[in-house]
Amino acid sequence: MTKRVGIIGFGAIGRTVTQAWLDAPVAGHEIASLLARSHQVDEARALLGDAIRITADFDEFLANDLDVVVELAGQPAVRDLGTKVLRAGVDLMVLSVGSLASQAVFDELLAAAAERSVRVLVPVGAIAGLDGLLALRRAGLRQVVYTSVKPPQSWKGTAAEQALDLDNIKAPTIFFEGSAREAALKYPKNANLAAAVALAGLGLDQTSVVLIADPGTKENIGRIEAEGAGSRLQVTVAGRSEPSNPKSSQITGVSVLSALENDAQLIAFA
Ligand SMILES: NC(=O)c1ccc[n+]([C@@H]2O[C@H](COP(=O)([O-])OP(=O)(O)OC[C@H]3O[C@@H](n4cnc5c(N)ncnc54)[C@H](O)[C@@H]3O)[C@@H](O)[C@H]2O)c1
């Protein structure tokens, strides 16, 4: 049976996801609804056509017999709309994983999911290796460090601006070291992967995060270094960012499509 997908957000990743879907449809799935901002509705309709319900009205978006809603919109959307999606009996795939660093949001979402026996899903996003962390966790994970390196411009508009002069640094500079929970709360638009790594591994308080601005790179680079149970895990993913949002990596949107297609979201809370 074809699964009906609702997408929240038509920003950098929303556009990438819908365009990539048109280029290569996701097997066994169809986009049924898109929740966009009102000023984006015409552009979205021009791209996606009339067969998909494109609206700025959340109730209209949701009342379309959906099987899964994919959030590509930001932490406020998870907070404001996530429980409504789950209470409607619909799985919720969260891309703004940093929102789960708030214990209150996390607990509320899980309670709503349990009420209706549906799931909160976390796709792998712009990293890899969460499967290895999940395996090591079962066997005895001892240490996990997640390092995020981005060009200085990608850190503009964040708390990094208070920590260093982004326009004038000449060498890679560490401006944050702390727990994944602190990173997700202080850098909400950048720390989704820190939160995903933490949820797969040692949790938000025991996972170490290092954030670096590097004037020598044009790429966003995410690195996991973990050890435990007689094993070491090292994973690096490097790639270009979305042209319209330098904080987001291009691979992120594609990871959502493969998560749906392969039913391979790596963390599922039921
Ligand atoms: N997990 C990961 O690997 C990963 C990687 C990159 C980005 N992200 C996260 O994914 C999210 C989307 O990223 P982006 O680069 O597309 O951001 P973006 O700001 O370019 O796009 C978000 C869009 O959603 C819209 N939006 C927000 N709330 C909405 C609502 N209630 N209804 C309709 N539209 C709404 C915004 O107006 C905007 O157009 C961000 O939270 C980002 O932090 C996750």
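**Ligand contacts and helix packing**

In the predicted model, a polar side-chain atom of Arg 37 lies 3.2 Å from a nitrogen atom of the ligand, a polar contact being a pair of N or O atoms within 3.5 Å. For Asn 245, a polar side-chain atom is placed 2.7 Å from an oxygen atom of the ligand, and an N or O atom in the side chain of Ser 248 is likewise 2.7 Å from a ligand oxygen atom. The ligand is surrounded by 23 residues, the closest being Ile 13, Ser 96, Asn 192, Asn 245 and Ser 248, where a residue is near if one of its heavy atoms lies within 4 Å.

Residues are numbered from 1 along each chain as its sequence is written. Because the model is predicted, local features need pLDDT of at least 70 and side-chain atom pairs count only at pLDDT 80 or more, while totals for chains, interfaces and linings use all residues; side-chain values use heavy atoms, with hydrogens and water left out.

Helices H1 (residues 12–23) and H2 (residues 41–48), which are DSSP runs of H or I with at least four residues, have axes that come within 11 Å and cross at roughly 15°, the axes being lines fitted to C-alpha atoms over the stretch in contact and the angles running from 0 to 180 degrees between N-to-C directions. H1 and H2 are therefore roughly parallel to each other, a term for angles under 35 degrees. In their contact (heavy atoms within 4.5 Å), Arg 15, Thr 18, Gln 19 and Leu 22 of H1 meet Glu 43, Leu 47 and Leu 48 of H2.

Notes: Helix = DSSP H or I, 4+ residues; strand = E, 2+ residues; numbered from the N terminus. Parallel < 35°, antiparallel > 145°, perpendicular 65-115°, else oblique. Polar contact = N/O pair within 3.5 Å; in protein donor to acceptor, adjacent residues only side chain to side chain.
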